[in-house]
Amino acid sequence: MSTTSYLKYETLRTVRNKQSFGFSLVFPIVMYLLLAAPNRNDHSFGDVPGLFAPQYYMISLLGFGSMIAVLSCGARIAAERTIGWNRQLRITPLSVRDYLAAKVGVGYLLALIAMALLYIAGAALGVRLSASAWVIMSLLVLLALVPFAALGIALGHLLNADAAGPAMGGGVSLLAFLGGTWFPITGGWFADLCKLLPSWWLVQAGHVGLSGGPPGNGGVAAGGGSHNPWGVEGWIVLAFWTITFSALAMWAFRRDTARA
Amino acid sequence: MSDGIVLTGLTKSFNSPAGPVRAVRGIDVAIAPGETVALLGPNGAGKSTTIDMLLGLTKPDAGSVSIFSLDCRSAVAAGKVGAMLQVGGLVQYLSVRELLEMMAGLYPKPLPVEEIIGLCGIGDIADRATTKLSGGQTQRVRAAVALISNPDLLILDEPTVALDVESRREFWATIRGFAARGMTVIFATHYLEEADAYADRVVLMARGRVVADGPTTEIKATVGQRTIRATLPGSAAADLKQLPGVIAADVLGEAIVLTCTDSDAALRALIAAYPAARDFEVVGAGIEEAFLALTSDLEEDES
């Protein structure tokens with residue numbers, strides 16, 4: 001028995017779904033180019049001296065694009081539930097864990113492709129970061145996506161295929177907005193509230209790239225002038241939402257399978 | 001695999017807006033390896049719920065399932081069970097062959113994909129996308145998915161419900177080929193003819209219970225009853241019941257109602273013995289009516 005062959009076809013099915021595959025990858029890139037290309041010579045973006053506009057937008061869309069990619073596993077689960085395919089799989093030796101792992105795995109694969117495309121586009125517009133900044137930023141983003149994978153599984157078992165699209169589209173936009181993807185949210189109770197969201201930390205994970213150093217060292221951003229945005233608070237918020245969404249996913253899964 | 005399939009005291013209720021629905025009310029059935037058994041009953045008899053519990057898709061409120069001495073989870077994990085569920089589409093963005101390869105990859109000892117394609121007669125559509133199939137082709141591919149693991153137990157939940165006569169015949173020819181290899185087959189149907197043609201044994205279900213269980217011929221006699229109605233003044237029910245082919249007689253004023261296992265013989269005898277009888281009407285009991293009659297006494301105890 002090989003779940004690798006299952007994973008292979010799971011990937012193939014995702015890639016062949018040209019509309020979903022295309023939109024989840026092309027949309028962030030197109031948005032990036034629309035936002036960043038006209039400002040490609042702006043080296044003091046938002047009046048922050050040394051803040052390179054294409055770099056700022058690359059990081060904003062990093063969170064947005066990867067969040068869409070990982071959450072899309074929920075849409076694929078919802079689609080399979082709608083046609084009863086999940087029941088067909090439950091009468092095979094495929095374990096629930098492997099089923100969900102394949103869904104999340106493909107979501108992460110899409111996220112990696114989305115990130116790679118943004119990096120290439122960013123580099124083409126002149127974004128230059130140290131090797132360690134690229135790596136740390138990428139790893140932190142991948143970790144910060146964990147709660148979204150759990151949320152995707154939960155939504156996939158709560159929504160039907162028709163509702164999944166609008167719900168996730170709206171949810172991603174709202175989370176991205178409140179996470180400070182489009183413009184920095186600073187100061188006041190509103191910012192404090194936003195700091196409790198996983199998307200806020202997803203964006204901060206990307207901003208580690210801006211600061212040019214490893215997280216938690218309190219280092220000063222290379223030319224950006226701000227403190228390293230990541231810290232203990234980030235880990236706590238991520239852990240909280242990972243546990244909460246995992247519990248929700250487990251509840252939704254049990255509810256769905258008991259009803260079937 | 002000495003032991004076959006044993007269902008013991010299976011019970012399941014669901015909540016509905018109108019209150020709890022007792023879908024299955026205590027099913028006890030033992031099926032020997034290699035048997036082909038039809039679960040026959042009208043809609044709402046509890047066939048699908050029973051099948052879902054047999055497959056481990058629904059957790060019974062009470063009772064147990066044993067499949068070749070294993071619990072259903074272990075039997076499924078060992079690849080011993082294949083099933084065609086009542087409702088279900090095929091996943092998109094794969095060809096039929098790719099779909100079968102994906103499914104084969106999940107089992108410990110699957111049949112070769114090319115072999116299953118040949119056996120199910122889907123060679124002509126093997127490279128077609130799963131979404132570009134007719135109803136009959138889809139059912140054949142779903143059967144192939146159910147059979148790919150080379151299961152010891154094959155479950156079919158109303159597999160031919162949407163098929164025309166020709167597709168239905170072809171479908172069963174394929175299934176019979178597998179049954180002949182010693183596979184145990186359990187199928188749900190609400191067609192008496194289908195149970196009659198393809199099952200060794202019929203488990204008749206109504207309102208969540210087994211109301212009869214036996215060789216197909218026996219069950220057919222039970223549910224294949226007809227009713228003769230006629231006008232006949234001044235007759236006695238006891239006399240009418242003596243007529244050949246009659247199992248029950250009712251007299252309601254001038255009207256008589258004879259429940260018959262052989263309505264032809266009963267009608268001939270009725271005319272010969274009672275020349276005054278008129279307004280004959282012979283009605284075949286629909287399978288649904290027959291089930292309801294069989295369970296009407298049950299209902300009274302329960303409600």
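Trainee: How do I read the way helix 3 and helix 7 of chain A sit against each other?

Mentor: Start with the general idea: two packed helices are described by the angle between their axes and the distance between the axes. In this predicted model, the axes of helix 3 (residues 53–82) and helix 7 (residues 146–158) of chain A come within 7 Å and cross at roughly 25 degrees.

Trainee: Are helix 3 and helix 7 of chain A roughly parallel or roughly antiparallel?

Mentor: Angles under 35 degrees count as roughly parallel, so helix 3 and helix 7 of chain A are roughly parallel to each other. Helix 3 of chain A passes helix 7 of chain A in a right-handed crossing.

Trainee: Which residues in helix 3 of chain A meet helix 7 of chain A?

Mentor: On the helix 3 side look for A:Met67, A:Val70, A:Leu71, A:Cys73, A:Gly74, A:Ala75, A:Ile77 and A:Ala78. Among their partners in helix 7 of chain A are A:Phe148, A:Leu151, A:Ile153 and A:Leu155. Sorted by class, this contact between helix 3 and helix 7 of chain A has 12 nonpolar, four polar and no charged residues.

Trainee: Now let me try helix 8 of chain A. At what angle does helix 3 of chain A cross it?

Mentor: Roughly 160 degrees, and the axes of helix 3 and helix 8 (residues 161–178) of chain A come within 9 Å. Over 145 degrees counts as roughly antiparallel, so that is the word for helix 3 and helix 8 of chain A. Their crossing is right-handed. Residues of helix 3 of chain A in this contact include A:Gly63, A:Phe64, A:Ile68 and A:Thr82, while helix 8 of chain A brings A:Ala161, A:Met168 and A:Val172, among others. The classes here are 13 nonpolar, four polar and no charged residues.

Trainee: On to cores. How many residues are in the largest nonpolar core?

Mentor: The general idea: in soluble globular proteins, nonpolar side chains tend to be buried together. Here the largest nonpolar core has 141 residues, and B:Leu100, B:Ala144 and B:Ile155 have the most contacts inside it. Helix 3 of chain A gives the most to this core, with 18 residues. There is also a second, separate core of 12 residues, including B:Leu243 and B:Leu270.

Trainee: What is B:Ile155 in contact with, leaving aside its neighbours within four places in sequence?

Mentor: Find B:Ile51, B:Leu54, B:Leu55, B:Val81, B:Ala83 and B:Ile186.

Trainee: And chain B as a whole?

Mentor: Chain B has 11 helices and 13 strands, and its C-alpha atoms fill a box of roughly 75 × 40 × 40 Å along the principal axes. Of its 303 residues, 43% are buried. Take the contacts in chain B between residues at least 6 apart in sequence: 66% of them join residues at least 24 apart.

Trainee: Is B:Ser134 buried or exposed?

Mentor: Count the neighbours. B:Ser134 has 10 other C-beta atoms within 10 Å, so it is exposed. You'll find B:Ser134 in the loop between helix 4 (113–119) and helix 5 (135–147) of chain B.

Trainee: Last one: how many residues does each chain put into the contact between chain B and chain A?

Mentor: Chain B puts in 26 residues and chain A 21 residues. On the chain B side, helix 3 of chain B has the largest share, four residues. By class, the chain B side divides into 17 nonpolar, six polar and three charged residues.

Key. Residues are numbered from 1 along each chain as its sequence is written. Chains are lettered from A and ligands numbered from 1 in the order in which they are written. This is a predicted model: local features need pLDDT of at least 70, side-chain atom pairs count only at pLDDT 80 or more; totals for chains, interfaces and linings use all residues. Axes are lines fitted to C-alpha atoms, for helices over the stretch in contact, and angles run from 0 to 180 degrees between N-to-C directions. Helices (H or I, at least four residues) and strands (E, at least two) are DSSP runs, numbered from the N terminus. Angles under 35 degrees count as roughly parallel, over 145 as roughly antiparallel, 65 to 115 as roughly perpendicular and the rest as oblique. A crossing is left-handed if the near helix is turned anticlockwise from the far one by less than a right angle, and right-handed if clockwise. Two residues are in contact if their C-beta atoms, placed from the backbone, lie within 7 Å. Ala, Val, Leu, Ile, Met, Phe, Trp, Tyr, Cys and Pro count as nonpolar, Asp, Glu, Lys and Arg as charged, and the others, Gly among them, as polar. A residue is buried if 20 or more other C-beta atoms lie within 10 Å of its own, exposed if 12 or fewer, and partly exposed in between; C-beta atoms are placed from the backbone. A nonpolar core is a set of buried Ala, Val, Leu, Ile, Met, Phe, Trp, Tyr and Cys residues joined through C-beta atoms within 7 Å.
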